[in-house]
Amino acid sequence: MKHRVIFLETIALSDAQLDSICRIKMEAWHYPIEEQKDWIKKNNLPNDIHVLLYEGIELVAYLFATKVTVTWDSNTVTATGIGNVVVDPKHRGEGLGYELLARFQSAVAKSGLALLLCKPGVVGFYQKCKWELYSGEVTCCGQPLTCNCMSINGKELSLAPKIELNRMF
């Protein structure tokens, strides 16, 4: 079945779309829907991007992206930070996560550095999607992060022993 993909800024999300996003996020992060909504309202910027992948009228996969400042050595760049790549459990194993990332990468990430933070168990999936594992230290607002950092278009980043992010995503 052909999938429909919609790119929306936070400010443009309808209440129904926000509800669908929160329901699909609840599958990965077990917080009540109202807590999910509150988190989005408090932590998402108005121009952050939400990528919604539909099968018919059903939201089956979701990706969140924001701008983040990355600093290493004497370099500071703005990158796209990817978070919340989620596929509805009923549709896992169908390649929807790969499709969602591929559509996002062709539309947005090809134009510059993109990062994502992930748990060790999903590194292999992201590597299959052409993301590269960063081996150095990652900090955010001066605090070390314990998750993995992966990048696209990050060749200059790969040599840096440490990177600093200005916000979580």
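A charge sits over a ring if NZ of Lys or CZ of Arg is within 6 Å of the ring centre and within 35 degrees of the ring normal. Here, Arg4 lies over the face of Tyr54, 4.5 Å from the ring centre.

A word on ground rules. This is a predicted model, where local features need pLDDT of at least 70, side-chain atom pairs count only at pLDDT 80 or more, and totals for chains, interfaces and linings use all residues. Residues are numbered from 1 along each chain as its sequence is written, and side-chain values use heavy atoms, leaving out hydrogens and water.

How confident was the predictor? On pLDDT (its confidence in each residue, from 0 to 100), the chain has a mean of 93, and 98% of its residues reach 70 or more. Among the elements, H3 has the lowest mean, 90, while strand S10 (residues 162-165) has the highest, 97. Helices (H or I, at least four residues) and strands (E, at least two) are DSSP runs, numbered from the N terminus.

Let's look at H3. Its 12 residues (96-107) should span 16 Å at 1.5 Å a residue, and its end C-alpha atoms are 16 Å apart, which agrees; the expected span is 1.5 Å times one less than the number of residues. Its buried residues include Leu96, Leu100 and Phe104, and the buried residues of H3 pack against several elements, among them strand S1 (4-9), strand S9 (148-152) and helix H4 (123-128). Contact means heavy atoms within 4.5 Å.

Here are four residues by relative accessible area, where buried means under 20%, exposed over 50% and partly exposed in between (1.4 Å probe, protein chains only):

| Residue | Relative accessible area | Class |
|---|---|---|
| Thr10 | 16% | buried |
| Gln17 | 17% | buried |
| Phe125 | 31% | partly exposed |
| Tyr126 | 9% | buried |

Thr10 lies in the loop between S1 and helix H1 (15-26). Its side chain reaches the backbone oxygen of Leu45 at 3.0 Å. Leaving out residues up to four places away in sequence, Thr10 touches Asn44, Leu45, Pro46, Asp48 and His50.

Gln17 sits in helix H1. With the neighbours up to four places away in sequence set aside, Gln17 touches Leu8, Ala12, Leu52 and Tyr54.

Finally, the rings. Rings of Phe, Tyr and Trp (its six-membered ring) pair if their centres lie within 6.5 Å; planes under 30 degrees apart count as stacked, over 60 as edge-to-face and the rest as tilted. That rule gives 1 aromatic pair. The ring centres of Phe125 and Tyr126 are 5.1 Å apart with planes at 65 degrees, so the pair is edge-to-face.

Notes:
Polar contact = N/O pair within 3.5 Å; in protein donor to acceptor, adjacent residues only side chain to side chain. pLDDT = per-residue confidence, 0-100.
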